[in-house]
Amino acid sequence: MSAVAEPARLAHRRRLPGGIGRWVGTGLGGVIVGAAVLVALLAPWIVPHDPFAQDLPKRLLPPFWMDGYDGIHVFGTDQLGRDYLSRLIYGARISMLIGVSTVVTSGLIGITLGVVGGYAGGRVDDAVLFAITTRLSIPVVLVALAVVGLFGSSLSLLALTLGLLLWDRFAVVARSTTMQVRQLDYVAAAWCAGCSRVHILLREVLPNIASHLAVVATLEMALAILLEAALSFLGLGVPPPLPSWGLMIAEAKGYMFFTPWVIMIPGVALFVLVFGINLLGDGLRDLLGARADP
Amino acid sequence: MTADSVAAVAPAAATPAIDIRAVRRIFRVRDAGRVWDADRAVVAVDDVSLTVPAGGVLGVVGESGCGKSTLARMILGLLAPTAGEIRVAGRHLATLDRRARAALIQPVFQDPYASLNPRRRVGDIVALPLVAHGQITRRDIAARVAEMLTRVGLAPELARRLPGELSGGQRQRVAIARALVLKPSIVVCDEPTSALDVSVQAQILNLLAELRRELNLTYLFISHNLAVVEHVASEVAVMYLGRIVERADTETLFRAPRHPYTKALLASVLTPEPGLGVPDVGLGDTLPDPTAIPAGCRFHPRCPVALEKCRSIAPPVVDGVECHLA
Amino acid sequence: MTEALLEVDRLRVEFGDEVAAVRGASLTVARGEVHCLVGESGCGKSVLALAVMNLLARRGRRAAERLRFAGRDLLALPDRAMARLRGDRLAMIFQEPTTSLNPAYTVGSQMIEVLRRHRGAPRAVARDRAVELLGRVGITAPGMRLGQFPHQLSGGLRQRVMIAMALMCEPDLLIADEPTTALDVTVQAQILRLLAGLQRDLGLGILLITHDLGLVARVAHRVSVMYAGEIVESAPTAALFAAPRHPYTRGLLACVPVPGKVRRDQPLGAIPGVVPRLMPGFQGCAFRARCGHAAPECASAVPRRPAGATHDYLCRLPADWVRLEPAA
Amino acid sequence: MIRRAYGLDQPVIVQFGNWVAKAAVGDFGESYFFKQRVSELIGARLPITLTLGLVGLAIAAVVSIPLGVLAAVRESTAIDRAVQVVALIGQAMPSFWLGLILMIVFGIKLAWLPVSGTGTWQHYVMPGIVLAFSAIPALTRLTRSGMIQALASDYIRTARAKGLSSGSILIKHALRNAAIPVVAIATVQLGFMLGGSIVIETVFALHGVGFLAWESIGKNDFPVVQAVVLVLALIYVGLTLLADMINAVLDPRLRSA
């Protein structure tokens with residue numbers, strides 16, 4: 001064949017950004033997130049022991065890589081003798097639940113506000129902008145703590161609170177990308193073609209900002225998981241005896257100078273999950289050519 | 001006799017395709033990042049009236065920022081005029097519902113990269129006006145899309161492609177197909193070839209001319225390129241800082257321009273004739289600023305023949321020319 | 001014969017293994033001449049200029065038989081020495097005056113740093129030179145303009161500042177890449193008159209890159225027509241417009257609507273198809289897919305034919321084919 | 001009786017209105033637990049939190065700006081990837097956990113730094129580092145993307161065509177423009193860091209307003225909590241205004257019309 005490339009074809013083929021390293025990173029992120037989803041879904045069937053069953057004589061048993069491993073509790077036991085691996089698996093469930101529900105709630109609020117403000121402009125947009133600024137001025141951790149402190153801790157309250165607090169980045173990104181897309185001529189052409197506003201928003205604008213929003217979703221999910229852990233660590237998140245990773249670290253804190261692995265195991269789990277979500281988000285950002293900065 | 005009585009008496013053929021009365025558009029702008037500043041008013045289009053007869057081609061020329069695109073967007077219904085009224089085929093644009101408007105008037109924009117939704121297939125893009133119009137079966141839509149694509153010189157198989165797979169010229173053909181699929185009578189072409197290479201520009205201009213003859217279309221053709229306008233338009237309106245300063249049929253305007261600005265514009269057209277050198281347009285280095293329109297004749301700060309009265313007294317319009325000296 | 005200022009011989013530029021942007025282009029700019037390089041978007045004309053300046057993007061690779069400026073071999077010049085040459089003997093201005101000036105600094109500071117860098121001139125001397133040059137490019141109240149930021153100037157004024165800045169060290173050659181494309185027509189005429197005047201008064205050589213044949217006809221001494229990375233025809237301006245030989249040049253000229261020349265309601269001449277992007281290793285004439293005179297032999301190496309002492313073109317057709325076959 | 005003394009028998013909206021009216025003149029009422037004016041409590045604790053925030057921001061800036069510049073200059077190379085991985089690690093690190101780890105290593109194993117408390121400058125080192133971790137990813141990415149954008153801009157091409165030295169191109173022409181968004185975000189980031197300091201102050205028992213708020217929530221001492229939320233929100237608003245002003249100084253386009 002000749003070496004003439006059809007110009008259009010060439011323009012369409014996107015150069016792989018970042019090379020092999022980027023693909024490895026994205027793949028690793030995908031594997032971590034996929035594994036976490038599986039573990040969370042299958043938790044009741046894959047736990048080796050009852051995560052809530054206490055066995056006080058078997059307190060603080062070391063994990064398999066340390067001397068004194070008993071051959072039964074792979075990651076050892078906690079200060080009440082509960083199987084650490086089983087609690088870790090149930091903890092993944094809590095993290096994923098909080099992550100997903102927060103993203104759904106905050107995504108709905110933020111995307112609606114951002115798209116409407118960005119598309120309508122004028123006073124509507126001023127109102128949206130004011131809402132965003134107000135929200136940003138609220139210290140999230142403190143308000144979430146106060147809400148839980150006031151109404152008592154429960155998993156659903158925590159999920160709802162975080163969802164109502166973490167929509168700002170969705171709104172900012174949805175607003176700025178909508179404003180960009182809105183002034184493109186294909187939106188004008190759709191208007192001239194007789195399309196309704198709803199059609200234009202759903203069919204012309206949303207598909208073209210979706211990639212940016214997908215990246216924001218990963219960032220927010222990671223943030224929500226970290227916040228839940230932090231709140232639980234402070235004792236005002238998920239109530240005991242639920243095995244939130246943050247709560248596990250808090251409960252183990254008193255023993256950490258003698259048996260450091262009790263905080264290492266849930267901490268590493270938390271780090272790896274959040275790292276995986278962020279890796280996936282980073283990969284998405286590059287593959288879709290999206291951006292998540294305001 | 002008022003326009004209404006004309007429309008009542010004469011058959012549709014005598015109704016102008018586009019009829020604009022005293023249209024004005026003011027934008028409120030705020031400097032970026034300066035929330036504490038008050039908005040400033042920018043008069044983009046100032047008291048413009050014009051008509052385009054059915055089947056005619058009105059070329060609108062002028063430099064960037066003169067208001068020609070704002071005018072086009074008002075006629076397309078994308079922007080509401082601040083004052084004045086716009087009629088399309090004898091009907092008030094403001095009272096038309098979106099489907100009726102779409103069936104009458106359609107756009108072709110400048111940048112074929114921004115005017116096609118990158119996430120939709122070519123077939124869906126061309127079908128959009130038909131889908132929005134409703135009452136047409138899917139099979140009919142597919143047939144009309146294929147017919148339209150062929151008509152603008154594209155293979156019907158391209159319907160399955162995404163815009164990203166097409167060249168600039170092909171994209172502009174898709175945009176033209178979308179504009180014509182509802183069989184409108186008026187097409188507003190806003191700089192339709194400015195983003196294209198000369199060889200492709202010629203293809204698109206030829207296509208637009210062909211389609212106009214066959215479908216008996218009316219064009220409002222906006223361009224900054226006088227050579228292109230001379231080639232396609234039957235009448236020309238020259239805009240300067242939001243006003244039409246000269247209006248004439250194409251031959252008269254190019255043979256005997258009367259407004260000093262039109263003369264300068266014509267003088268700056270560089271035809272491929274070696275040895276003529278670059279003309280001196282004599283406009284000085286002040287440039288028009290739509291946020292600070294001068295008193296009197298708005299062209300006087302750049303005008304090489306301005307008189308004292310041009311500084312303070314707004315010029316009258318005589319035979320379509322807005323100038324004290326015409 | 002006049003002295004050759006810039007000699008480019010069989011320059012090749014490739015970006016990775018995917019695109020050959022310039023494929024053996026040759027041209028010579030004489031001292032004090034306006035040489036126009038004309039072609040459609042993507043033909044490689046800007047890449048050629050950037051390759052001469054050694055300003056290619058990091059993935060760009062250049063190679064040539066010869067690349068000489070004022071007798072110096074640019075290919076052998078180390079990067080540091082090349083940087084010393086740029087802005088001094090060899091200046092360049094760009095298409096977008098709006099984005100080509102740094103928004104964070106005043107016009108004056110951006111002009112002054114050129115003279116300070118290349119001549120080590122004291123600030124006051126550099127400032128005087130900047131004022132003088134701003135006046136020279138037709139800017140009124142140059143002293144006041146020096147203290148202004150780029151956003152306070154119009155597009156036409158910014159391009160004049162760019163030109164003045166390029167002249168700070170009295171260069172021998174100015175490369176101007178589509179300097180008027182972003183400007184209004186009336187401003188374009190002013191800028192072109194300015195460039196033509198500078199060439200005349202200062203004996204400045206100009207390599208002017210454009211897609212506008214009208215502009216070429218009015219300002220160029222010599223024209224090189226570029227297509228798909230090659231110079232397909234090169235001639236003195238009058239000769240090129242009087243008797244273009246390459247089918248692409250002829251097609252391009254037929255495409256341009258000329259007021260008073262082309263009748264309305266008659267189609268313009270058009271070149272069918274689109275410009276191809278060529279991979280490294282492409283053989284034969286790049287225009288053959290769009291050419292009405294293509295023959296099987298066009299797929300193999302095409303000869304460069306003379307059509308006079310300083311006129312040559314890249315085509316299988318003999319020099320007298322134009323007379324044999326009058327323009328359609 | 002106690003309910004009436006604190007006005008708690010009135011409708012919520014009236015309570016809130018009263019509180020806002022008093023807060024506007026700097027009167028946040030009295031703490032239920034500490035039996036002390038809330039404004040005095042906060043006034044005593046705020047300097048500690050502000051010090052922690054500024055230390056954190058300083059560490060973050062010193063680390064992330066050079067990293068971001070380096071990554072941009074070496075875009076799409078192994079160095080760039082490494083910097084981005086560092087940013088990802090920072091983003092994924094739970095701050096309270098990092099605090100505990102630092103305590104084990106530097107406080108107990110190496111015994112270089114105090115584990116908790118407020119007394120000396122050493123008390124701010126570990127909390128400062130942990131707090132910096134929360135800002136480093138954002139600042140590094142922003143510096144990197146700002147520099148990449150600046151380096152790809154037309155005015156950098158002009159600077160190269162003018163033959164300027166690479167140092168002048170990088171620092172004077174590119175970094176100056178890339179700094180505009182970085183400085184603005186860094187200012188706002190300080191607001192977020194103050195809000196986030198509650199976790200770190202609690203971990204290190206650093207007696208700032210965050211620690212105060214945490215104690216008060218545990219004791220249902222709501223006048224204090226309300227006041228801390230309001231003070232942090234006001235500081236955030238003040239910082240956004242400051243960011244706007246800094247932007248106006250750095251970007252001539254915003255300075256004059």
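Contact here means heavy atoms within 4.5 Å, and several of the views below rely on that cut-off. This is a predicted model, in which local features need pLDDT of at least 70, side-chain atom pairs count only at pLDDT 80 or more, and totals for chains, interfaces and linings use all residues. Residues are numbered from 1 along each chain as its sequence is written, chains are lettered from A and ligands numbered from 1 in the order in which they are written, and side-chain values use heavy atoms, with hydrogens and water left out.

**View 1. Where chain B meets chain C.** Let's start with this pair: 46 residues of chain B are in contact with 50 residues of chain C. Together the two chains bury about 3800 Å², with 58% of it on carbon and sulfur atoms; buried area is the accessible area (1.4 Å probe) that two parts lose on being put together, summed over both. On the chain B side, look for His231(B), Pro272(B) and Val278(B), which lose the most area to chain C and together account for 17% of what that side buries.

View 2. Between chain B and chain C, 11 residue pairs are in polar contact, both residues at pLDDT 80 or more. A polar contact is a pair of N or O atoms within 3.5 Å; within protein, one must be able to donate a hydrogen and the other to accept it, and residues adjacent in sequence count only if both atoms are side-chain atoms. Helices (H or I, at least four residues) and strands (E, at least two) are DSSP runs, numbered from the N terminus.

**View 3. Helix α2 of chain B.** Here is a mostly covered helix: 6 of the 8 residues in α2(B), residues 68-75, are buried, meaning under 20% relative accessible area (1.4 Å probe, protein chains only). The buried residues are Lys68(B), Thr70(B), Leu71(B), Ala72(B), Met74(B) and Ile75(B). Just after the helix, Gly77(B) takes a positive phi of about 80°.

**View 4. Chain A by itself.** Of the 294 residues in chain A, 54% are buried.

**View 5. Where chain A meets chain D.** In this pair, 38 residues of chain A are in contact with 35 residues of chain D. The two chains bury about 3300 Å² between them, 78% of it on carbon and sulfur atoms. You will find 1 salt bridge here: Asp282(A) pairs with Arg141(D), the closest N and O atoms being 3.2 Å apart. Polar contacts join 3 residue pairs, both residues at pLDDT 80 or more. Several helices of chain A each supply at least two residues to this side, among them α2 (19-46), α9 (197-233) and α11 (261-288). The largest share, 12 residues, comes from α11(A).

Conventions:
Buried < 20%, exposed > 50% of the residue type's maximum accessible area, 1.4 Å probe, protein only. Salt bridge = Lys/Arg side-chain N within 4 Å of Asp/Glu carboxyl O.
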